[in-house]
Amino acid sequence: MSKTLSHTAKVRQSLHLSIDPSPCHHFRAPSSDSNTSSSDSAMNSSETAETSPPSSVSEQDYITVLCMYDFESDNSIHLSFRKNEMLDIITREATGWWAAMRRGGDVIGWIPQAFVRPLSAEMAERLRSVREELRIFEYDAEQLYNSAPTSQISSDLESPLLTRVSEAENHIPARSPWSSQENQQRLHHPPSPRTPVPYPPVITVLVKRAPRNPANMSDIASRNKVTTLEPLSPLRNPPRRRYSLLASEHDSDAESPSASDKRRLEKIKQLTGSEEAVSFFSQANSPWYTKSRHSDQLRLDSDGQVRSGTTEALVEKLTSETSKDVIKAAQETAFRNAFLMTFRTFMTADQLFTALVGIYAMECPSKITDPEYEEWKEKCSIPTQRIVLTIFTMWLEDHRLLEEEPHIAQLLTDFLNNVTSPLAVAARLIVKSIERLTFASPCVESPVVSPRRRRKSRDHKGDLLRLDPTDLAEQLSLFEYTLYSKVTPQDCLVYAKSPQLAPNLNAFCATHDKLASWVTFSVLNNEALGKRADTIDFWIKVAEKCRSMNNFASMSALITALSSVVITRLHLTWAHVGRKANLDALLKYNEPSGGFAAFRNLQSNAEGPCVPFVGMYLTDIAHTKDQFEDVEDDGRIVFIKRQRWYEIITQMLRHQLKPYNIGESMSIRGFISIHLRTTGTKDSSLAWSKSQEVQHSELAHADIRRGLEAAGF
């Protein structure tokens, strides 16, 4: 007896288990030693009587399951697992808890049924031969294929989290690793959990974390400084560079495409009808030498858009191949435009240029065969080089490369002159674009005179009321558009941090305040009540005309001034204004509620030339700056912040390419400039003092009028 107990202790000591539900004994897979079978049975009989559930609610057949989700638990009787693992089930409880064990392992624990899918013997054997990270894709594809003739496809796709009890009961059990005669006895498991069975989490996009010390772009710049450029050809191996988009060489033992992979792609295409699904599966199962290197350093949202990433990963994303899916392609184009507009907030133009040249000159991976080299060249090298040239074109044509970084033009020209076939033609076209944009003399076209333009108008002689409101509105629109067209995206980005460093944007915004001041003093400086009322009516007409011309910047300044306290307190004057109702109709656009929702809607629907009111856009830019950090704690760039800035600035500056088709009047233009320069810079406290003076004058005149009326006059 002592020998048997000693041997039992020795067997238990050789098995290391993570389950220790004290005061119960450790639970292990039974030993195959016949000498210990009787003693183990004796010891476990009492344990089973106390801890095991009745046999009426358990099943003892052995099956294999595929883990569809991650399951983490601190409970000692549970078995934690990762997605794509395969486990062997030894007991299934009606409560939804199943006792499971890893193939070749010695730890038995409880897992939730809803997190796994039972497999047939054939499917289990097939999935064990598939790379672990691709098992769920293979399983889903097989399920779609097998259920194609029925309506099960739609129900499975619409309810991926439903537990398939009937499937678990009716499938063909997989061959058990303990099916030999020496292991036919019942396996013992921990006591059944008393806690409710958990359900899988909501499906989200999970991305691997970046390395602890991700390389920054300054390192790339120092490693890849472009000194002399030799001819670069995608048909041969370029000079060896340390910066590469390719995966590390330790992945060289990965599987290459096979006939079964092609069959899977055809099956997915036939069942889903989606090129995006085919592309996703193809990329996941693509050879190691065509995979990207830094995709694990990106964080994505539920729609697949970039939230943050290291600088290297963002540049790699910039040069990734465009998707065939229309929606995805639009998202990728938006990402590229957002990157090229905002990259100066986290890297320099020289660093970006060096990184793009490094990606273009990517080295051929070592230890690949000639057929693999041809595949790498066709699927990775040439497409990436073509995209790099596209990025240079976008930077040059749409994102002010020559205006913001003129020194890059010579470096880019030298690089493009060394590009060889088959992309030499595209490179020469970019060189011609550089020459056209650099040496072309500015062409100033004479504006076409509008049919509504009055060539002969009476001389205003410095009197505001002698002007035609339409003429003044048109010239104000031309004046404001000239300032608006000079605002650049960089002005807007700089304004978010240091407003004083954005002179073009400051000049445009200052015109709003100057015009409002001019309107205010033009009313207050009139001594006669009737003339003050006529002046208010005149400015209301100008505001209405600006509204019809989509000059919302001037319209906002005019109605802001007319609705200010210094003007509205002049009640006797307003009693003689005939267009007050027209002003009230315009004032609804100036309501700040909903972030100036009325103005946003008005400007978004504007067609033709337009000068927008930009106050709410500048507020949005400031709020975005405060809402997001520039860099996350692990050093990743918060790109969602830049994406939001891109969307705001694009909306704000989208009317710059549509100028007004109106001839300029030098006399009226000079009249506007003089008054904006003189009365537009007066202190607001002076306007308040003048308003009090006019109000007292109106009250005095009102008393005299009442006295005359009382006397019978």
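**Exercise 1. A helix pair**

At what angle do H11 and helix H27 (residues 639-653) pack, and how far apart are their axes?

Solution. Before we start, a word on the source: this is a predicted model, where local features need pLDDT of at least 70, side-chain atom pairs count only at pLDDT 80 or more, and totals for chains, interfaces and linings use all residues. Residues are numbered from 1 along each chain as its sequence is written, and side-chain values use heavy atoms, with hydrogens and water left out.

Step 1: get the geometry. H11 and H27 pack at about 90 degrees, and their axes are 9 Å apart. Axes here are lines fitted to C-alpha atoms, for helices over the stretch in contact, and angles run from 0 to 180 degrees between N-to-C directions. Helices (H or I, at least four residues) and strands (E, at least two) are DSSP runs, numbered from the N terminus.

Step 2: name the arrangement. Angles under 35 degrees count as roughly parallel, over 145 as roughly antiparallel, 65 to 115 as roughly perpendicular, and the rest as oblique. H11 and H27 are therefore roughly perpendicular to each other.

Step 3: see who touches whom. H11 brings Ala334, Phe335, Asn337, Ala338, Phe339, Met341 and Thr342, while H27 brings Phe639, Arg642, Gln643, Tyr646, Ile649 and Thr650. Contact means heavy atoms within 4.5 Å.

Step 4: sort by class. The contact of H11 with H27 has 8 nonpolar, 4 polar and 1 charged residues. In this scheme Ala, Val, Leu, Ile, Met, Phe, Trp, Tyr, Cys and Pro are nonpolar, Asp, Glu, Lys and Arg are charged, and the others, Gly among them, are polar.

**Exercise 2. One asparagine in that helix**

Is Asn337 buried or exposed?

Solution. Asn337 is in helix H11.

Step 1: check the accessibility. Asn337 counts as buried because its relative accessibility is 15%. Buried means under 20% relative accessible area, exposed over 50%, and partly exposed in between (1.4 Å probe, protein chains only).

Step 2: list the neighbors. Leaving aside residues up to four places away in sequence, Asn337 touches Met394, His399 and Tyr646.

**Exercise 3. The other partner of H11**

Which residues of H10 meet H11?

Solution. Step 1: set up the pair. Helix H10 (residues 311-318) packs against helix H11 (residues 326-342) at an angle of about 130 degrees, with their axes 10 Å apart. H10 and H11 are therefore oblique to each other.

Step 1: read off the residues. Leu314, Val315, Lys317 and Leu318 in H10 meet Phe335, Arg336 and Phe339 in H11. By class, the contact of H10 with H11 has 5 nonpolar, no polar and 2 charged residues.

**Exercise 4. Cysteines**

Solution. Step 1: search everything. The whole structure has 0 disulfides, a disulfide being a pair of cysteine sulfur atoms within 2.5 Å.

Step 1: check the distance. The closest cysteine sulfur to that of Cys492 is in Cys509, 8.7 Å away, so it is too far for a bond.

Step 2: Cys492 is buried, with a relative accessible area of 0%, whereas Cys509 is partly exposed at 23% relative accessibility.

**Exercise 5. Residues in loops**

Where does Lys486 lie, and what does Lys486 touch?

Solution. Step 1: Lys486 lies in the loop between helix H17 (469-484) and helix H18 (489-497). Its relative accessible area is 47%, so Lys486 counts as partly exposed.

Step 1: beyond residues up to four places away in sequence, Lys486 touches Asp491, Asn504 and Gln656. Lys486 and Gln656 are 170 residues apart along the chain, with their C-alpha atoms separated by 8.6 Å.

Step 2: Trp288 counts as buried at 6% relative accessibility. From Trp288 to Pro365 is 77 residues in sequence and 9.9 Å in space, C-alpha to C-alpha.

**Exercise 6. Zoom out**

How many helices and strands does the chain have?

Solution. Step 1: the chain has 29 helices and 9 strands.

Step 1: of its 713 residues, 47% count as buried.

Step 2: among contacts in the chain with a separation of 6 or more, 74% come from residues 24 or more positions apart.
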